[in-house]
Amino acid sequence: KPRISARVGGIAESATLAVDAKAKALKAAGRPVIGFGAGEPDFPTPKPIVDVAAAACADPRNHRYSPASGLPELREAIAAKTKRDSQYEVEPSQVLVTNGGKQAVYQSFAALLDPGDEVLLPAPYWTTYPEAIALAGGVPVVVGTDESTGYLASVEQLEAARTPRTKVLLFNSPSNPTGAVYPPEQVEAIGRWAVEHGIWVITDEIYEHLVYGGAEHVSMPAVVPELADTCVVLNGVAKTYAMTGWRVGWMIGPADVIKAATNLQSHLSSNVSNVSQRAALEAVSGSLDAVDAMREAFDRRRRKIVELLSAIPGVSCPEPQGAFYAYPSVKELLGREIRGSRPQTSVELAALVLEHAEVAVVPGEAFGTPGYFRLSYALGDDDLAEGVRRMGDLLREAK
Ligand code: PLP
């Protein structure tokens with residue numbers, strides 16, 4: 001018998017975490033690496049949130065197990081926040097607090113999928129989705145998009161991929177890795193199509209507050225209320241409040257799905273750390289001033305990175321409208337000679353960029369679309385400019 005089960009042995013290492021780890025290791029070895037790999041804000045967690053957490057450590061209430069579904073006051077605050085930010089009305093009992101958005105992703109698929117159920121997964125997709133789908137026994141059915149449609153999937157494309165086994169559509173806007181934001185009318189059209197065909201929607205809204213220019217985020221069940229009974233909303237504090245390490249996310253769904261997922265969580269991980277939940281309570285019930293300031297900085301960096309990337313011959317970068325990622329195509333550079341080698345794939349080109357320019361980017365293979373780079377612009381303005389300059393100088397050598 002194999003030592004590792006086929007189910008778990010089939011899981012690929014998270015490519016984004018791997019790039020980040022490699023960049024950090026090179027840095028620790030004294031190399032001046034600039035990392036565009038990490039998907040986390042470079043800002044500190046706002047002080048009032050940290051202060052509440054510090055006080056929570058000393059409060060004996062937080063030393064004990066609490067309900068697996070989350071602190072009642074946090075579930076209530078998340079329901080209130082969902083109404084405030086998305087105009088989507090839910091009961092606190094429809095909220096399950098999870099160990100980061102990642103656990104909400106996994107538990108949603110685990111609660112909905114039987115072996116062989118198909119999930120429509122628009123690509124480029126966040127690298128965790130196909131693994132979570134497969135781990136739950138489901139089959140990811142990739143719906144490919146590219147820069148020609150701003151990385152947006154149409155109803156026609158989804159319909160062409162639908163089969164009698166389709167159970168779920170995974171929807172992520174603003175998108176990691178492309179920064180694409182679906183316009184409200186397209187969100188509505190997709191929601192109506194899902195209702196018409198009895199397809200569940202898992203909508204990952206973790207970047208809801210990070211939209212720029214004229215882009216607008218809308219929540220699918222808010223614009224298509226008929227979807228509420230077959231929809232799970234995923235969210236968390238990580239990206240909005242610079243709280244990636246605090247590990248608080250949530251899923252919102254119909255009562256039976258939330259009950260099933262809570263049963264799973266009660267055996268898997270129980271309650272999320274009470275101290276983190278107290279911090280999240282302060283975050284979601286407070287104002288959005290901190291994210292407004294972060295959004296301003298991200299917007300400035302977004303415009304800068306698109307300008308710098310677009311000036312590199314062979315790199316073509318559509319303007320992202322949300323999250324904090326740029327997703328340029330590097331297809332024109334593949335197969336060309338740079339410093340004596342001829343990278344054929346974006347994985348090979350990214351390795352070359354790390355080696356010679358000391359710049360870490362995540363290759364598109366991690367997101368189901370070879371031929372692209374993902375660059376997070378959640379890093380300081382000076383590093384951003386210097387990193388893209390170094391990469392550009394190297395890529396300009398392509399013959
Ligand atoms: N969903 C998307 C699209 C993400 O990019 C991330 C984090 O990178 C998450 C969910 C999960 O975030 P966390 O588990 O840190 O809350």
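Biologist: Before we start, what should I know about the model and the numbering?
Modeller: The model is predicted, so I take local features only at pLDDT of at least 70 and side-chain atom pairs only at pLDDT 80 or more, while totals for chains, interfaces and linings use all residues. Residues are numbered from 1 along each chain as its sequence is written.

Biologist: OK. What is the strand order in the seven-stranded sheet?
Modeller: The order is 2-8-7-6-5-3-4, in an open sheet with mixed pairing. Helices (H or I, at least four residues) and strands (E, at least two) are DSSP runs, numbered from the N terminus. Two strands pair if DSSP finds at least two bridges between them.

Biologist: Which strands are at the edges?
Modeller: Strand 2 (95-98) and strand 4 (139-144), each of which pairs on one side only. Neighbouring strands of this sheet are turned by 20° against each other on average, direction ignored. For angles, axes are lines fitted to C-alpha atoms, for helices over the stretch in contact, and the values run from 0 to 180 degrees between N-to-C directions.

Biologist: Strands 3 and 5: parallel or antiparallel?
Modeller: Parallel, with three bridges joining strand 3 (residues 118-123) to strand 5 (residues 166-172). E118 has T166 of strand 5 as its bridge partner.

Biologist: And which strands does helix 10 lie across?
Modeller: Helix 10 (residues 255-268) lies across strand 2, strand 7 (231-236) and strand 8 (249-252), at about 25° to strand 2.

Biologist: What about the three-stranded sheet, what's its order?
Modeller: That one is open too, in the order 9-12-11, with antiparallel pairing. Strand 9 (325-326) and strand 11 (362-363) are at the edges with a single partner strand each, so one side of each has no neighbour in the sheet. Strand 11 pairs with strand 12 (residues 373-376) over two bridges, and P363 has F373 of strand 12 as its bridge partner.

Biologist: Switching to the ligand. Which residues come nearest?
Modeller: G100, G101, K102, N176 and G236, out of 13 residues around the ligand. A residue is near a molecule or strand if its C-beta atom, placed from the backbone, lies within 6 Å of it.

Biologist: Which helix gives the most to that shell?
Modeller: Helix 5 (residues 100-112), with three residues. By class, the shell has three nonpolar, eight polar and two charged residues. Ala, Val, Leu, Ile, Met, Phe, Trp, Tyr, Cys and Pro count as nonpolar, Asp, Glu, Lys and Arg as charged, and the others, Gly among them, as polar.

Biologist: Which residues does helix 5 use against helix 6?
Modeller: K102, V105, Y106 and F109, which meet T128, Y129, A132, I133 and L135 of helix 6. Residues are in contact if their C-beta atoms, placed from the backbone, lie within 7 Å. K102 is also among the residues that come nearest the ligand. The contact has seven nonpolar residues, one polar and one charged. Helix 5 and helix 6 (residues 128-135) pack at about 40°, with axes 8 Å apart.

Biologist: How are helix 4 and helix 11 placed to each other?
Modeller: Helix 4 (residues 72-86) and helix 11 (residues 274-285) pack at about 25°, with their axes 9 Å apart. They are therefore roughly parallel, a word used for angles under 35 degrees. The contact uses E73, L74, A77, I78 and K81 of helix 4 and Q277, A280, L281, V284 and S285 of helix 11. Six of these residues are nonpolar, two polar and two charged.

Biologist: What else meets helix 11?
Modeller: Helix 3, through P48, I49, V52, A53, A56 and C57, which meet N274, V275, R278, A279, E282 and A283. This contact divides into nine nonpolar, one polar and two charged residues. The axes of helix 3 (residues 47-58) and helix 11 come within 8 Å and cross at roughly 145°.

Biologist: Last topic, the backbone. Where are the cis peptide bonds?
Modeller: One runs from A123 to P124, with omega near 0°, and P124 lies in the loop between strand 3 and helix 6. Another joins N176 and P177, with omega about 25°. P177 is in the loop between strand 5 and helix 8 (184-196).

How values were computed: Contact = placed C-beta atoms within 7 Å. Parallel < 35°, antiparallel > 145°, perpendicular 65-115°, else oblique.
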